[in-house]
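Trainee: Could we go through this model together? I would like to begin with how its elements are assigned.

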Amino acid sequence: MQDTNTFQNRPVTMNDKNNLLQIEEHMYILDDVVKPNVFRNMFPYEEVPKIPFNDRIVPHNMPKDIWITDTTFRDGQQSRAPYTTDQIVHIYDMFHELGGPNGMIRQSEFFLYSKSDRDAALKCMERGYEFPEVTSWIRASEEDFKLVKEIGMKETGILVSCSDYHIFLKLKMTRRQALEHYLSIVRSCLEEGISPRCHLEDITRADIYGFVVPFCVELMKLKDEYKIPIKVRACDTMGYGVNFSGAVIPRSVQGIIYAINTNAGVPSELIEWHGHNDFYKAVTNSTTAWIYGCSSVNTSLFGIGERTGNTPLEAMVFEYAQLKGTLNGMNTQVITDLAEYYEKEIGFTVPANTPFVGKNFNVTRAGIHADGLLKNEEIYNIFDTEKFLRRPPVSAVSNTSGLAGIAHWINVHYKLREEHALSKTSPLVTQIKSWVDQEYANGRVTVMTDNELVREIDRVSESLGLVVKEGEILEVSKK
């Protein structure tokens, strides 16, 4: 009867977006099921997961302000050897520089379980940066909460698993028991004046309207009661989310964001998307979350994370620029600095074909492509990669490079521009081409290395009475 009265007395409110009165069509009450709903029709374990559609279309609703958060030192450490404290502080400094004066990288989260974790978090906090704000991650337990209080953080993430896979099969609870347990930990945070960030684990296999929305409704009641922000992080833990229009929840990213934002009443600025890349959808799903009402996207540098990894931080920098038409102060050249630091100081090499940071991301081996680059680099380069990443497009030299590829390699390597740039008819280029052809005729199968090319260019240049140096080619008299 109480639920019926609540339904009948739903308030009529003004919709500020369309200036029409509105009334919520449904009441979202916890569905405390006896048996877990694991959506076996969508997730038949012995088959590939299925993507059903109902053609319910969600309207675009991108917030005015969107931003990036980081989990490099939390989720990003779950698939690799732990960083040292000095490494974490150095990377954190570069995140501050990359995010720029407007704090586009808003937060960075840390584990607090080991002394080295806590030392790293404290040293980063001592930097005094407004952004990225140092935050933590804990399980929903009183013991973990003590760690947050001891270190003095203003916000912490809390693991609140929301699918029946986790509630019933892992936690051995009912939905009601899980909800009450989570809310008790959230209250503990609020009592201490700490802002909780609820990590809704495995949301793409959860009952969105039977558990997620009723839980978020209760969180918003606590937010209003304590006057402290409560964030909701939608975690696509297994990478099941899809961005297809009209797809069915819980797989629909836009459907999930709409439910949290519109039906549960969570403001966009308190919603965050955390994606995984199991089905190659981490970036598109994160962008979709932004477009449909989520202000914050959680990322990991280079996508490093458990299993197939997280949404790459550097990818979302350029997704932001494409959506907003501006970088809003972000210093994208730091992305290249980070890649170099990882390789030289940490010993981690990003896969060569990784966009923006891989060694070969803007390298072409095809002669026809190199010919286009030689004439105008816009033909085969995604944008001015030298301006944004300090990495001009490069032609690798092999048996398929042709004269154009060799000329382009020399021009880029020696920074020869305008009147100093070589054409593919230059005697230096044609003689290097002859040497390359002979190498492959003799059975070579690998790409020419930079050192090999420099040595041969020095030898041929000397025979031609030339000196090739950075920015220019000089003629010298032969003795």
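Mentor: Helices here are DSSP runs of H or I with at least four residues, strands are runs of E with at least two, and both are numbered from the N terminus. Please keep in mind that this is a predicted model.

Trainee: How many helices and strands are there in the protein chain?

Mentor: The protein chain holds 16 helices and 14 strands. Its C-alpha trace spans about 105 × 50 × 50 Å along the principal axes.

Trainee: What percentage of the 479 residues is buried?

Mentor: Buried residues account for 52% of the 479. The chain exposes about 23000 Å², and carbon and sulfur atoms supply 51% of that area. Among contacts between residues at least 6 apart in sequence, 71% join residues at least 24 apart.

Trainee: Which residues touch the most other members of the largest nonpolar core?

Mentor: Those are I91 and V212, in a core of 97 residues. Helix α7 gives the most to this core, with 9 residues. There is also a second, separate core of 19 residues, which includes L416, L422, V436 and Y440.

Trainee: What does V212 touch?

Mentor: Leaving out residues up to four places away in sequence, V212 touches C162, L200, I203, A206, D207 and I260.

Trainee: And α7 itself: how does its span agree with its 19 residues?

Mentor: Helix α7 covers residues 208-226, and at 1.5 Å a residue it should span 27 Å. Its end C-alpha atoms are 25 Å apart, which agrees. Just after α7, K227 takes a positive phi of about 60 degrees.

Trainee: What covers the buried residues of α7?

Mentor: The cover includes helices α5 (164-170), α6 (175-191) and α8 (253-263), together with strands β7 (195-200) and β8 (231-236). Among the buried residues of α7 are I208, F211, V212, F215, L219 and K223.

Trainee: Turning to α10, why is it described as largely enclosed by the rest of the structure?

Mentor: Of its 12 residues, 9 are buried, so α10 is largely enclosed by the rest of the structure. G325 follows α10 and has a positive phi, near 80 degrees.

Trainee: Where is G309 found, and is it buried or exposed?

Mentor: G309 is in the loop between β10 (296-299) and α10 (313-324). Its relative accessibility is 1%, so G309 counts as buried, the limit being under 20%. Apart from neighbours within four places in sequence, G309 is in contact with G275, H276, N277, G303 and I304.

Trainee: And F43: what does it touch?

Mentor: F43 lies in the loop between β2 and β3 and counts as buried at 4% relative accessibility. Beyond residues up to four places away in sequence, F43 touches V38, P49, Y165, T204, R205, Y240 and R251.

Trainee: Let us change topic to charge. How many salt bridges are there?

Mentor: The count comes to 27 salt bridges. In one of them, the side chains of K231 and E155 meet at 3.1 Å, N to O. K231 lies in strand β8 and E155 in strand β6 (residues 155-159), so the pair ties together parts that are 76 residues apart in sequence. K231 is buried at 18% relative accessibility, and E155 is buried at 5%.

Trainee: Which residues are linked with those two in a network of salt bridges?

Mentor: The network links K231 and E155 with R74, E109, R197, R233 and E272.

Trainee: Finally, which residues form a nonpolar patch on the surface?

Mentor: V12, M14, L21 and I23 do, with about 400 Å² of accessible area together. I23 is in the loop between β2 (20-22) and β3 (67-70) and is partly exposed, with a relative accessible area of 42%.

Terms used
Residues are numbered from 1 along each chain as its sequence is written. This is a predicted model: local features need pLDDT of at least 70, side-chain atom pairs count only at pLDDT 80 or more; totals for chains, interfaces and linings use all residues. Side-chain values use heavy atoms; hydrogens and water are left out. Patches are made of residues with over 30% relative accessible area and no salt bridge: like charges are joined within 9 Å, nonpolar side chains (Val, Leu, Ile, Met, Phe, Trp, Tyr) within 5 Å. Accessible areas come from the Shrake-Rupley method with a 1.4 Å probe; for residues, only the protein chains shown count as cover. A salt bridge is a side-chain nitrogen of Lys or Arg within 4 Å of a carboxyl oxygen of Asp or Glu. Buried means under 20% relative accessible area, exposed over 50%, partly exposed in between (1.4 Å probe, protein chains only). Contact means heavy atoms within 4.5 Å. The expected span of a helix is 1.5 Å times one less than its number of residues. A nonpolar core is a set of buried Ala, Val, Leu, Ile, Met, Phe, Trp, Tyr and Cys residues joined through side-chain atoms within 4.5 Å.
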